[in-house]
Amino acid sequence: MSFQLKQLHTHFFGEITGLDLRQPLDEETVQAVTSAIDKNGVLVFRDQQIGDDEQLRFSNYFGQTQRSITVHREQQARRLGQEELSDISNLDEHGFRMDRTNPRRLYQLTTMLWHTDSSFRNPVGKYTFLCAKRLPAEGGNTEFADMCSAWDALPAERQRALRDLQVCHSLAYSRGLIEGSPPLDESERRNLPPSVHPLVRVHPGSKRPALYLASHAESVVGMPYEEGRQLLDELMAYATRPEFVYAHVWRPGDLVMWDNRSTMHRAMPFDEDRCVRELRRTTVSESAVELQPA
Ligand SMILES: [Fe+2]
């Protein structure tokens with residue numbers, strides 16, 4: 001199966017047309033998509049009309065799908081049946097638009113902070129797949145930052161100083177950054193403990209080093225807490241400078257796939273009091289053999 005690929009940003013972000021994800025993919029096409037994402041970090045597949053089962057099948061070509069973290073929220077009903085699907089929407093469990101005080105909505109505000117998916121888990125998220133279902137008339141873009149280019153643009157001396165650092169990522173920490181957001185409940189604390197990952201990793205496909213950061217990144221191992229916080233804040237601001245960022249404006253039929261090991265992303269605001277924004281997310285885990293510290 002062939003497709004067309006066009007890069008939309010100077011450094012990264014590819015657009016794929018001419019591929020129908022309702023059809024099963026042969027091995028050659030899966031390899032071609034893998035090469036495309038190794039090079040581009042993010043891919044948008046245009047004009048897809050796929051259901052949840054087809055999204056799961058497509059995701060599973062690239063790794064083991066993770067269960068959504070919402071399955072660990074024992075007090076909260078899920079709208080979607082399959083545990084591998086995350087409901088990225090402003091809809092409640094009955095499909096009605098949520099108001100701003102709904103705790104479910106507060107959980108989702110962390111997606112508006114720059115992050116990589118599942119960096120607080122071990123194994124971490126490899127690829128995420130986000131499929132547009134309903135879109136607001138304006139706003140609600142997803143912004144992406146290219147962490148390979150950010151690394152390349154650092155002076156060699158700075159790269160040497162950062163190369164061997166390890167960082168602790170914590171969902172409790174990032175959730176605490178959102179005012180009014182509920183703390184982790186007992187089940188979340190038990191099932192989603194913090195995890196430590198290298199600050200710099202060589203991407204297994206492209207062989208390019210990348211900064212591995214997220215709003216989940218709380219502390220630097222072996223460094224006084226405040227000193228680590230200063231370093232992480234500085235690196236987050238640096239890596240999300242405009243020259244490393246592409247804003248994806250969603251179109252109906254878009255499925256966006258990104259590599260969490262070479263990019264960060266965040267959701268942008270829209271008129272939540274009037275509009276519905278509904279996307280479906282799946283994430284596959286990185287396997288142990290793919291972990292390559294710099
Ligand atoms: Fe995300």
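**View 1. The largest pocket of this predicted model holds about 150 Å³ of space.** Its lining is made up of 13 residues. The closest to the pocket centre are L177, S215, R229, D233 and M236. Helix α8, residues 225-239, gives the most to this lining, with 4 residues. By class, the pocket lining divides into 9 nonpolar, 2 polar and 2 charged residues.

**View 2. Helix α2 spans residues 52-60 and has four named buried positions: Q55, L56, F58 and S59.** Seen down the axis of α2, these buried residues fall within an arc of 165°, so they line one face of the helix. An α-helix has 3.6 residues a turn, so residues three or four places apart point the same way. What do the buried residues of α2 pack against? Their partners are four strands: β3 (42-45), β5 (125-134), β13 (255-259) and β15 (278-285). The next views take up these strands.

**View 3. Strand β15 is mostly covered, with 8 of its 8 residues buried.** Both of its faces are covered. One side carries E278, R280, T282 and V284, and every one of these is buried.

**View 4. Strand β15 pairs with β4 and with β5.** Strand β4, residues 86-89, runs antiparallel to β15, and 4 bridges join the two. In this pairing, S89 has E278 of β15 as its bridge partner. Strand β5 also pairs with β15 in the antiparallel sense, here over 8 bridges.

**View 5. Strand β13 has 5 of its 5 residues buried, so it is largely enclosed by the rest of the structure.** Are the faces of β13 covered or open? Both are covered. L255, M257 and D259 are buried on one side. V256 and W258 are buried on the other.

**View 6. Strand β13 pairs with β3 and with β5.** Strands β3 and β13 are antiparallel and share 4 bridges. Across this pairing, L43 stands opposite M257 of β13. Strands β5 and β13 also run antiparallel, joined by 5 bridges. C131 has L255 of β13 as its bridge partner. The buried residues of α2 pack against β3, β5, β13 and β15.

**View 7. The second largest cavity contains about 180 Å³ of space.** How many cavities of 30 Å³ or more are counted in the model? The count comes to 4. The second largest cavity is lined by 15 residues. Nearest its centre lie Q108, T111, F270, E272 and R277. The elements that give two or more residues to this lining are β4 and α3 (103-108). By class, the cavity lining has 8 nonpolar, 4 polar and 3 charged residues. Strand β4 is also the antiparallel partner of β15 over 4 bridges.

Technical notes. Residues are numbered from 1 along each chain as its sequence is written. This is a predicted model: local features need pLDDT of at least 70, side-chain atom pairs count only at pLDDT 80 or more; totals for chains, interfaces and linings use all residues. Side-chain values use heavy atoms; hydrogens and water are left out. On a 1 Å grid over the protein atoms alone, a cavity is a set of points where a 1.4 Å probe fits but cannot get out, and a pocket is an open set with protein on both sides within 12 Å along at least five of seven lines; lining residues have an atom within 4 Å of a point. Grid points are joined across faces, edges and corners, and a volume is the space filled by probe spheres set on the points. Ala, Val, Leu, Ile, Met, Phe, Trp, Tyr, Cys and Pro count as nonpolar, Asp, Glu, Lys and Arg as charged, and the others, Gly among them, as polar. Buried means under 20% relative accessible area, exposed over 50%, partly exposed in between (1.4 Å probe, protein chains only). The arc is that of the directions from the helix axis to the C-beta atoms. Contact means heavy atoms within 4.5 Å. Two strands pair if DSSP finds at least two bridges between them.
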